[in-house]
Each structure stands twice: as C-alpha cells, then as structure tokens.
Amino acid sequence: MELQLGKQKRMMYARVFDRTEEETCSADAVVPDALGDIGAIVVTEGTFCLWNLDFSDKSAQIEGSVAADVVYAEEGGALRSFPVELPVKVRISGETLSPDVRPWLRCTLTALDARAVNSRKVRVTARLSLCLRAYRETELALTDRIESDGGAVFTRTETLCLQIPVSVEEKTFTVSETHRFASGQPEADRLLCHTETVLIDDVSTVGSRVIFQGRVCASVSYLQQGQMCPMVETFETAFSQMLDCPADTSPCLMHTAVNLTAAYLNVSAAADGAVLEAEYHLVAQTVCLADAEADCVTDAYCNTAELTLERETVPAGTVQPGEPLRLTAEGTLACEAASLTVVSRRAVVCGLAEDGCDVLVRLLVTDAEQRVSCMEKRFHLPFEAADGVRLELLSVQPEEPAVTVTADGFLIRVAVTARTAALQESGFRQVTGVTVQERVCPYASVPSLTIVRWGGEDLWTLARRYCSSEQLIRETNGLTDDAAMAEPPQYLLIPKTQV
C-alpha cells in the first residue's frame with residue numbers, strides 16, 4: 001500500500017529575525033567662532049534620521065545620523081545654539097539574514113545629552129533603540145488529506161485558524177507644509193533648536209490596499225528680538241499614504257513603522273509675520289497579516305496496516321487588534337518650584353518594552369533672573385495582558401503633561417494613548433509524513449462486534465482501538481452531534497471494518 005499526503009499551499013512571509021539592540025554614539029563639537037563661550041548647557045534637542053538599511057549574508061547594516069542642536073547660555077546669560085551631527089553606523093549579525101529578506105525597522109531615540117568639555121567644546125551622546133525584524137517569502141504547506149491506493153486510511157482533521165504575514169511592503173515619500181509662527185518672529189530668522197516626532201494616527205485597509213495616516217510633530221524653540229526667554233511652538237504636518245498589498249486575501253492587521261530619513265526646516269520673513277517652511281522625507285514599512293483557515297490532518301490510522309506518523313508543530317498564533325489603552329503615571333520632580341516659571345512642557349516616548357512604554361517629560365523653566373534651565377523626569381507606563389496573551393505596542397501617542405506646583409516640587413502627570421495587538425500563541429500539531437510498517441496490525445484479533453460501556457470517551461480513540469471508524473460507530477448507535485445529545489447511551493456497539 002502506498003500513501004501520499006495532499007497539501008494546501010499558501011505563500012506567506014516568515015519572520016526569520018527579530019532583535020532589539022541598544023546603540024550609543026557620541027561626537028565632540030567646537031563652538032563656532034562667531035558665538036561666545038559656554039556658561040551652562042541648557043538643553044540638547046535632536047532627531048534620528050535613517051539613511052540606509054542594507055542586508056548581506058548574515059548581517060544588516062543600518063546607517064543614519066542624529067541631528068542635534070546644543071542650546072547653551074553664555075556667561076552673560078544670553079542663549080545661543082549650534083548644530084551637531086552624530087553619525088550612526090550599526091551592524092547587526094544574524095544567521096538568518098541575507099539580501100533577499102524584507103525589513104521592518106523601528107528606531108527610537110532614547111536619550112540625548114551634552115556635556116561641556118571646556119568653554120569652547122562639548123561632547124554630545126545619543127542612545128538609540130533599534131528594533132529590527134526581517135521577513136522571507138516562503139511556502140506554508142498544510143496537510144489536508146492522506147490518499148491511499150489500497151486499504152482505507154481514516155484521518156482526523158482539525159480546523160487551523162491563524163493570521164499569517166502575506167505581504168511586507170516599503171514606501172518612501174515626502175511631505176511639506178508652511179506654518180505661521182503664532183508668537184512672533186524668530187531673531188535673525190533662525191531657530192534655537194528643533195526636534196521631530198512621527199506619529200501614526202490610523203491604519204486601515206480598503207480591499208488589498210493599506211492606508212495609513214499620521215503626522216510629523218515638530219517642536220521648535222526660538223528667541224524673539226531682545227528677549228532672553230525662548231518661545232516654544234509645535235507644528236504638525238499631516239500625511240496620508242497608500243500601499244498595495246499584493247496578496248489574494250484582504251489583510252486583517254498591519255504593523256506599520258514610519259521613520260524619518262531627512263528633515264529640512266527654514267525660517268523666512270513675510271510681510272505679516274514669519275513662517276516656517278517644513279519638508280520631511282520618510283520611509284514606511286508595513287507588514288500585512290491576513291486570516292488563514294484550513295482543515296489539517298492531525299492523526300491517522302489504517303485497519304489493515306500499521307502506520308507510522310511524522311508530525312510537526314505549526315505556529316498557530318492569532319493576532320487581534322486591541323482597544324486603545326490610555327496609560328497614565330505621575331511623579332514629583334523635586335525642586336524649588338514656587339520660584340520657577342514653566343516656559344514649555346513636552347512628553348516624548350523614549351522606549352518601548354513588552355510590558356509598557358517609557359516616556360520622558362522635559363520642562364523648560366526660568367527663574368527670577370530669567371535664567372533658563374531644563375528639567376527632565378522619566379516615567380514607565382505599564383500595562384497588563386490576560387494570561388496566555390501577549391500585547392504588542394503598535395503605536396504610542398503622548399499627551400501634553402500636566403504640571404502642578406507643590407511644596408516638594410513639580411507634580412507631573414503624564415498620559416499616552418497606546419494602540420496594541422493581542423498575540424495569542426499556540427502550537428498546532430499536523431501530520432507531515434506517513435509510512436506503512438510491515439508488522440501486522442491487530443485487525444485479526446479484534447472481534448467483529450464489540451460492546452463497551454461508554455463514559456464519554458473520544459469516538460476517534462475507540463474506533464482506532466477496535467478497528468472501526470468514527471462514522472460507523474455513529475451510524476450504528478444512532479449518534480448525532482456530541483453537543484446535541486441530551487442523554488448519551490451507556491453502551492456502544494462498535495463493529496469492526498476494513499474499509
């Protein structure tokens with residue numbers, strides 16, 4: 001007797017690499033000749049820009065830079081700033097990496113600060129968190145039947161339901177917009193510093209197309225003519241893009257990461273006030289998951305021969321979009337708050353973890369002499385998942401923090417809205433091979449009719465033990481669907497069969 005496995009085959013993308021690495025880079029910079037000596041560093045703001053991501057055999061090369069602005073106070077108290085670029089070049093090794101894989105990369109600037117080496121030189125240090133995933137197109141083969149040229153083979157099938165990546169797409173795009181300053185005109189038509197954050201507001205599907213919407217939030221600081229205290233404004237540049245998902249099914253969930261590759265900000269004077277011309281270059285990477293369902297063979301036997309089965313575990317995870325979570329935290333930043341005035345407040349996500357996210361709250365404050373300083377406090381905002389379920393953060397949007405003056409300092413309350421996906425992983429054991437053994441099966445020693453006391457035992461197990469079939473046992477005993485039986489019989493008649 002010869003046997004063959006019938007298989008359903010689906011094209012999918014298997015995740016072959018998933019790693020998060022922390023990277024630290026630093027650079028020394030000299031104060032430009034036109035600026036005065038450093039009295040005290042006030043704040044360092046900046047943004048990471050991804051320039052290039054290439055794969056070779058067993059490694060990935062990530063290149064970019066952190067564009068930073070160092071804001072400092074001269075000995076006389078006047079605020080000055082100058083730009084510093086920190087090159088980023090990271091090589092990540094992995095046995096499964098090769099030029100044919102497709103990437104998904106999320107970059108987070110977790111820390112950025114500057115220290116004065118002397119009155120004319122600073123050292124700027126940045127820490128990055130790089131979450132890199134790689135996908136390779138592959139074939140998912142599911143066994144749905146066993147075909148025989150001889151005796152009948154009885155098979156048990158179970159329905160496998162899972163979500164599989166069916167497409168990994170990438171798109172580069174550019175957005176630009178002109179914004180008007182609301183609080184005045186920057187001195188000498190230039191900014192003190194700026195930083196950009198890319199936020200994803202919505203990801204949806206229309207047929208086989210993925211539509212994602214978001215915005216680039218730019219926080220800019222500048223001085224007005226004759227003023228020592230900086231003005232801080234936030235400008236939002238919205239974007240909406242569409243990606244084709246070349247798959248034969250509509251995606252049910254998308255993992256989208258949008259990274260900034262370049263930012264150009266220019267201040268220009270107009271007759272009725274100053275404007276900010278913003279141009280952003282971005283790259284979006286989206287993994288589209290679709291529902292897959294198939295009846296797979298999980299067990300088999302033959303009444304006229306002994307079968308040896310080979311099995312493998314199919315990762316049968318399901319991924320469901322979760323309701324948006326609002327995470328909150330509060331804490332006190334110890335200081336003489338009553339003598340300080342808050343000029344600006346900002347919350348930025350500086351880390352993502354399996355149990356929540358990290359948020360940095362940054363305050364610019366002035367004292368009675370109008371001296372400007374920066375104060376920071378980090379928060380960890382956790383969430384809890386149900387047993388057996390793992391939550392993955394898709395995106396996090398921070399709100400403006402609330403700051404209250406207390407006797408102990410500034411009481412800070414911070415909140416974020418997090419989009420999550422619930423991952424429930426389970427193993428599904430399917431038959432992947434079957435061979436016929438020469439040894440005799442127990443068919444000859446089993447009586448033609450067996451009466452057993454039935455305590456609800458699985459009919460498949462009884463059929464296999466007494467060389468019968470589940471269908472024949474049901475027909476002989478007049479059994480309907482198990483769930484519909486009000487009074488199951490105490491005894492079962494099990495006839496032996498060869499076919």
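Here is a short tour of this predicted model, one selection at a time.

**Stop 1: the whole chain**

Start zoomed out, with the cartoon on. You're looking at two helices and 24 strands. The radius of gyration of the chain is 32 Å, well over the 23 Å that the globule rule gives for 499 residues, so the chain is more spread out than a compact globule. Turn the model along its principal axes and the C-alpha atoms fill a box of roughly 105 × 50 × 40 Å.

Now think about how the chain meets itself. Take the contacts between residues at least 6 apart in sequence: 77% of them join residues at least 24 apart. As for burial, 47% of the 499 residues are buried.

**Stop 2: the second largest pocket**

Next, select Met12, Arg15, Gln163, Pro165 and Pro315. Of the 30 residues lining the second largest pocket, these are the closest to its centre. The pocket has a volume of about 650 Å³.

Which elements give two or more residues to this lining? Colour these strands to see them: β1 (3-30), β6 (121-148), β7 (153-180), β12 (273-302), β13 (306-315), β14 (318-321) and β19 (390-398). β6 gives the most, with five residues. If you colour the lining by class, you'll get 16 nonpolar, eight polar and six charged residues.

**Stop 3: the largest cavity**

How many cavities of 30 Å³ or more does a search of the whole structure find? It finds two.

For the largest cavity, select Val42, Val43, Val71, Leu79, Leu192, Cys193, Ser221, Pro230, Leu364 and Val372, which line it. About 50 Å³ of space lies inside. This lining has nine nonpolar residues, one polar and no charged ones.

**Stop 4: the second largest cavity**

Move on by selecting Ile200, Val203, Met254, His255, Thr256, Leu394 and Arg419, the lining of the second largest cavity. Two strands, β8 (193-206) and β11, each give two or more residues here, and β11 gives the most, with three. The space amounts to about 40 Å³. By class, the lining has four nonpolar, two polar and one charged residues.

**Stop 5: Thr256**

You'll find Thr256 in strand β11 (residues 253-270). Is Thr256 buried or exposed? Its relative accessible area is 8%, so Thr256 is buried, as buried means under 20%.

Show the side chains around Thr256. Leaving out residues up to four places away in sequence, Thr256 touches Trp104, Ile200, Val203, Phe212, Gln285 and Thr286.

**Stop 6: Leu492**

Finally, jump to Leu492 in strand β24 (residues 491-495). Leu492 counts as buried because its relative accessibility is 0%.

What does Leu492 touch, not counting residues up to four places away in sequence? Select Thr450, Ile451, Val452, Trp454, Leu459, Leu462, Ile473, Asn477 and Leu479 to see those neighbours.

Definitions and conventions. Residues numbered from 1 in each chain as written. Predicted model: local features only at pLDDT ≥ 70, side-chain atom pairs only at ≥ 80, totals over all residues. Heavy atoms only, no water. 1 Å grid on protein atoms, 1.4 Å probe; cavity = no way out; pocket = protein on both sides within 12 Å on 5 of 7 lines; lining within 4 Å. Points joined across faces, edges and corners; volume = space filled by probe spheres on them. Helix = DSSP H or I, 4+ residues; strand = E, 2+ residues; numbered from the N terminus. Nonpolar A, V, L, I, M, F, W, Y, C, P; charged D, E, K, R; others polar. Buried < 20%, exposed > 50% of the residue type's maximum accessible area, 1.4 Å probe, protein only. Contact = heavy atoms within 4.5 Å. Rg over C-alpha atoms; globule rule 2.2 N^0.38 Å.
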